[in-house]
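User: Hey, can you walk me through this one? I'd like to know what to look at.
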Amino acid sequence: MSCATTTFNLGPSLRLHNYSYNNYNYNNNNNNLRFPKPFAHYFAVSNNNNYSDNTSSYSVGTLFSISTNHRSTSFNGSRSSSSPFFICSSLKSQPSVSLDQTNNSASQERVVVLVIGGGGREHALCYALQRSPSCDAVFCAPGNVGISNSGNATCISDLDIFDSSAVISFCHKWGVGLVVVGPEAPLVSGLANDLVKFGIPTFGPSAEAAALEGSKNFMKNLCDKYGIPTAKYKTFTDPSAAKQYIQEQGAPIVIKADGLAAGKGVVVAMNVEEACEAVDSMLVKGDFGSAGCRVIVEEYLEGEEASFFALVDGENAIPLESAQDHKRVGDGDTGPNTGGMGAYSPAPILTKELQALVMKSIILPTVNGMAAEGCKFVGVLYAGLMIEKKSGLPKLIEYNVRFGDPECQVLMVRLESDLAQVLLAACRGELSGVSLNWSPGSAMVVVMASKGYPGAYEKGSVIRSLEEAEHVAPCVQIFHAGTAQDSDGNIIATGGRVLGVTAKGTDLEEARERAYQAVEEINWPGGFYRRDIGWRALPQKHFATKRVN
């Protein structure tokens with residue numbers, strides 16, 4: 001195929017999509033369950049639809065080359081190296097587009113996708129979307145240097161993802177046909193509400209439905225009302241009353257901040273004193289801000305934790321492959337909770353029988369309950385489960401309303417279906433006819449974090465040998481979470497969790513071996529990692545690896 005046979009329309013355009021958005025019901029006429037105030041009818045968009053394309057300005061950068069059938073021609077007519085992708089420059093506010101021509105089908109709907117977020121989860125989503133045969137281009141806002149350098153997406157670093165008008169303007173200008181919202185904060189703030197109102201297909205729940213994650217008290221009330229199995233609990237705003245209840249219940253016991261706390265608002269207290277200190281931290285000292293103004297004191301469940309993901313279109317739900325993460329910062333699941341230090345898929349603990357039980361007793365009652373409350377859920381439901389030791393049955397610990405991080409990384413490298421089309425089907429309420437294909441074998445991700453995390457940590461340490469690490473073993477992908485590039489072109493750490501070193505293998509042991517081979521190749525004195533990811537699934541494995549160089 002020559003360049004002349006392919007047309008790329010990169011100019012601003014406004015698309016009017018004929019999609020059904022009946023899954024979202026903004027007029028909640030059933031108030032049996034009270035939605036928390038931050039989530040109730042949060043619309044930043046005025047009814048006059050006063051969005052101007054002049055609110056933000058974005059332009060396409062210089063196009064370096066275009067390649068089809070392994071022959072690449074630049075626009076000045078010279079030849080360049082072989083590449084299966086259409087490659088453009090990546091400058092601030094100057095998006096480039098990568099177009100994979102190898103799987104182009106005239107009969108299949110084509111789509112341009114915008115991913116919202118800039119962490120490891122979003123990098124994995126961009127990676128999977130770029131591989132989708134129906135995806136013409138992937139943008140990511142704000143993205144990160146790893147996403148940009150990998151070519152998995154064009155990063156729009158100065159697009160304010162909390163400014164709905166700016167996001168809508170960008171979508172109109174670039175003909176975005178699907179927005180995938182990665183983090184929870186924009187969802188809770190109502191970004192999906194605003195995008196859907198302007199006819200932009202959005203994978204992610206409304207602000208009202210996002211209360212499943214944004215308020216643990218709301219989630220617990222829903223469980224009570226619809227018979228969803230969860231731990232016994234009580235909610236408090238008075239520290240004295242909370243401490244009295246703790247004294248009555250004894251320890252171990254779990255203290256949770258009600259709101260969003262970046263995965264750190266949970267304390268598993270092994271004695272009463274520790275539990276009371278957690279209450280003071282949240283309700284008296286205000287260590288978690290408004291997220292800790294109300295606390296949930298919860299029964300301690302003994303067993304094995306697992307992550308369960310389901311795609312939901314408002315009425316139907318389909319499960320994703322199983323995965324299991326490691327929340328504690330230290331080897332042997334010791335130390336404070338984190339956002340996640342590693343994960344693997346599939347998770348042996350989640351048998352097919354257990355997955356069917358989770359769908360029947362937890363996921364579908366939640367989907368039906370939200371619909372009955374006049375607040376249909378569209379997006380991914382991430383159920384944190386405890387498989388109880390005494391009964392072997394699953395109980396719901398918490399809900400997240402987005403892909404888990406780092407579980408998303410292992411799921412996206414295993415997914416073989418066209419992710420763009422699957423997510424569009426969810427937006428349209430058409431998941432009932434969708435089935436997913438997964439690669440055989442296993443995948444594992446090992447998170448590399450800045451020393452000091454989840455507490456205070458230094459920023460700016462240099463990370464070297466990343467390219468070598470990706471080639472040290474087959475099927476290795478390094479997803480960036482908290483990285484940037486300094487003035488000398490070095491990759492530096494800017495966050496707590498910084499890299500997700502991911503590998504596939506024929507089984508979990510091979511995936512683990514490859515992942516840790518790559519980790520050991522990375523030269524980052526300022527980082528650390530757990531050396532026992534997967535220990536529950538590989539109990540006989542000797543978990544000993546070298547430290548970071």
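Analyst: One term before we start: helices here are DSSP runs of H or I with at least four residues, numbered from the N terminus. Helix H3 is followed by glycine 175, whose phi is positive, near 65°. Keep in mind that this is a predicted model.

User: Is H3 mostly covered or exposed, then?
Analyst: Mostly covered: ten of the ten residues in H3 (164-173) are buried. Among them are Val167, Ile168 and Phe170, along with His172 and Lys173.

User: What do those buried residues pack against?
Analyst: They pack against strands E4 (111-117), E5 (135-142) and E7 (178-181), and also helix H5 (191-197).

User: New topic: what order do the strands take in the four-stranded open sheet?
Analyst: The order is E14-E13-E19-E20, with antiparallel pairing. E14 (317-319) and E20 (394-400) stand at the edges with a single partner strand each, so one side of each has no neighbour in the sheet. From one strand to the next, the twist averages 35°.

User: How many bridges join E19 and E20?
Analyst: Six. As for partners, isoleucine 387 is bridged to proline 394 in E20.

User: And which helix packs on that sheet?
Analyst: H12 (419-427), which touches E13 and E19. The direction of H12 makes about 75° with that of E13.

User: What's the average pLDDT for the chain?
Analyst: It's 83, and 78% of the residues score at least 70. Over residues 34-106, though, the pLDDT is below 50. Residues 544-549 stay under 50 too.

Methods: Residues are numbered from 1 along each chain as its sequence is written. This is a predicted model: local features need pLDDT of at least 70, side-chain atom pairs count only at pLDDT 80 or more; totals for chains, interfaces and linings use all residues. Side-chain values use heavy atoms; hydrogens and water are left out. Two strands pair if DSSP finds at least two bridges between them. Helices (H or I, at least four residues) and strands (E, at least two) are DSSP runs, numbered from the N terminus. Axes are lines fitted to C-alpha atoms, for helices over the stretch in contact, and angles run from 0 to 180 degrees between N-to-C directions. Contact means heavy atoms within 4.5 Å. pLDDT is the predictor's confidence in each residue, from 0 to 100. Buried means under 20% relative accessible area, exposed over 50%, partly exposed in between (1.4 Å probe, protein chains only).
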